[in-house]
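Welcome, and please load the model in your viewer. We will go from stop to stop, selecting a few residues each time.

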Amino acid sequence: MWGMNMKNVAVIGAGTMGNGIAHTFAQKGYKVQLIDISQASLDKGMATISKNLDRMVAKEKITEDGKAETLSNITTFTNMEAGVKNAGLVVEAATENLDLKLKIFRDLEKFCPDDTILASNTSSISITQIAAVTSRPEMVIGMHFMNPVPIMKLVEIIKGYSTSDETYKTVEEISKKLGKVPVEVNDYPGFVANRILMPMINEAIETLYNGVAGVKEIDTVMMLGMAHPMGPLALADFIGLDVCLSILNVMYDGFKNPKYAPCPLLVNMVMAGKLGAKSGEGFYDYSENRKAEVVASMFV
């Protein structure tokens, strides 16, 4: 069913996940159309890809020629229609916002060839709901990469209610070609990764909120006691507190179970613009150091 155009992959969104996904496909020889409404976001995304490739060159994981080839495989677009016209696969990696995603998929339905697979990198939103705004629900699927995409091996592949086996097998095969490990997951709020991770992060925030222990202390317990590579509060800052809140709200709305209700401290921090590393402050202060080492003054 799918021919040569499967080597052409369009990625919607040039943010952290989008540029990581574009980098990963391009490094494996796919021709990537990276699309964002903002030229500034595209420029920033390409600069990030270049910087990450430089790190790989320094570690001798790739050559300078490999870096140049990867970058040459990526073309940027601010016009979605132009960017997706030859795509065999589209991976949407826009902000975790239902209305935005539904609008994007309505547009993809209009602009993409009839045989294009439409994938979403959503970390919690229903694939069935996204697919329902298209006339090809059997070709809509979740392809949830982990951050940082070029390094993390897992891809959660989420089958919507109508996703065909052929679409699943094609995306599974592509994931393997990227050097990833695909795991099949059914379409319920939060899927597997965030259904387990986000309540843990939320409970860590509750533990801080209730004064049980401080920021560093909570993270140290989880790193040294549970062998986590980073503590849950540092991880929340890394993910983005707004993203954590959005995912918890999706699960709370989807299950109507109070155990998914976001901690009031998390809600307040997001309202105050304290979103973690990307805003310069969350549970840690990133004004002098991009690593989670200095606890934010609010929690000292």
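**Stop 1: the aromatic rings**

Select Phe-25, Tyr-30 and Phe-145: ring pairs link these three residues into a cluster. Here, rings of Phe, Tyr and Trp (its six-membered ring) pair if their centres lie within 6.5 Å; planes under 30 degrees apart count as stacked, over 60 as edge-to-face and the rest as tilted. Before going on, note that this is a predicted model, where local features need pLDDT of at least 70 and side-chain atom pairs count only at pLDDT 80 or more, while totals for chains, interfaces and linings use all residues. Residues are numbered from 1 along each chain as its sequence is written, and side-chain values use heavy atoms, with hydrogens and water left out.

Searching the whole structure gives four aromatic pairs. One of them joins Phe-25 and Tyr-30 edge-to-face, at 5.2 Å centre to centre and 90° between the planes. Both Phe-25 and Tyr-30 are buried (buried means under 20% relative accessible area, exposed over 50%, partly exposed in between, with a 1.4 Å probe and protein chains only).

**Stop 2: the salt bridges**

Side chains of opposite charge can pair when their charged atoms come close. A salt bridge is a side-chain nitrogen of Lys or Arg within 4 Å of a carboxyl oxygen of Asp or Glu, and the count comes to ten.

Now pick Asp-54 and Lys-67, whose side chains form a salt bridge at 2.7 Å, N to O. Asp-54 belongs to helix α2 and Lys-67 to helix α3, so this pair ties together parts that are 13 residues apart in sequence. Helices (H or I, at least four residues) are DSSP runs, numbered from the N terminus. Asp-54 is partly exposed at 36% relative accessible area, whereas Lys-67 is buried at 13%.

Next, show Asp-107 and Lys-103, which meet in a salt bridge of 2.9 Å, N to O. They sit four residues apart in helix α5 (residues 98-111), separated by about one helical turn. Asp-107 counts as buried, at 14% relative accessibility.

Then move to Lys-159 and Asp-165, where the closest N and O atoms of a salt bridge are 3.1 Å apart. Lys-159 is buried, with a relative accessible area of 18%, and Asp-165 is partly exposed at 46%. Select Glu-92, Glu-96 and Lys-101 as well: salt bridges that share partners join them into one network.

**Last stop: a loop residue**

Where is Lys-61? Lys-61 lies in the loop between α2 (39-58) and α3 (64-72), and counts as exposed at 60% relative accessibility.

Key
Helix = DSSP H or I, 4+ residues; strand = E, 2+ residues; numbered from the N terminus.
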